[in-house]
Amino acid sequence: MTATDRSLELITTAAQAAADKLAHDVIAYDVSDVLSITDAFLLASAPNDRQVKSIVDEIEERLQKELGVKPVRREGDREARWVLLDYVDIVVHVQHSEERVFYALERLWKDCPEIELPADATATRGKANEHAKLQAEEDAADFGELR
């Protein structure tokens, strides 16, 4: 079995919304062959809690406005470290970058086919590493000034 056209439409719209809010490392997997509860997972991350919330809000708003769907469940809002949006056909995971590295969902689902995403979403790949490198350089510079 493969993800339905409707699931692919939801994933594409959600991925574009995440990219528009500067999400990092947006990727989607077709999990329909290994899970009976959903067709696809979308993963995205951000370097801080506020941006996680912004990405989640944009995905939710865009799917409601453009495709007329609301999540049946939304979890993780309070801490905004890992927010899950369950749309039945798809599940969206937006994680703080630290949670993304720790839980490594890509490793768990690596055997599932990757879903092709819009160019803007694909362009987000590697952004978390770029951000971490820049942050480390800034921290090193700040540390040098303190000495």
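Which residue just after H2 takes a positive phi? In this predicted model, that residue is Gly68, with a phi of about 70 degrees.

Helix H2 spans residues 49-67, and its 19 residues reach 27 Å from the first C-alpha to the last, close to the 27 Å expected at 1.5 Å a residue. At the N-terminal end, H2 is capped by Asn48, a side-chain oxygen of which lies 3.3 Å from the backbone nitrogen of Arg50. Buried positions in H2 are Gln51, Val52, Ile55, Val56, Glu58, Ile59, Arg62, Leu63 and Leu67. These residues lie on the same side of H2, because the arc they cover around the axis is only 160 degrees. Arg50 and Lys65, on the other side of H2, are exposed. The cover over the buried residues includes helix H1 (5-20) together with strands S2 (40-46), S3 (73-75), S4 (82-86) and S5 (90-96).

The five strands form an open sheet in the order S1-S2-S5-S4-S3, and their pairing is mixed. Strand S1 (24-30) and S3 stand at the edges with a single partner strand each, so one side of each has no neighbour in the sheet. From one strand to the next, the twist averages 10 degrees. S2 and S5 run parallel and are joined by seven bridges; the bridge partner of Ala46 in S5 is His96.

Both helices lie across strands of this sheet.

Note on methods
Residues numbered from 1 in each chain as written. Predicted model: local features only at pLDDT ≥ 70, side-chain atom pairs only at ≥ 80, totals over all residues. Heavy atoms only, no water. Helix = DSSP H or I, 4+ residues; strand = E, 2+ residues; numbered from the N terminus. Expected span 1.5 Å × (residues − 1). Buried < 20%, exposed > 50% of the residue type's maximum accessible area, 1.4 Å probe, protein only. Arc of directions from axis to C-beta. Contact = heavy atoms within 4.5 Å. Polar contact = N/O pair within 3.5 Å; in protein donor to acceptor, adjacent residues only side chain to side chain. Pairing = 2+ DSSP bridges. Axes fitted to C-alpha atoms, helices over the stretch in contact; angles between N-to-C directions.
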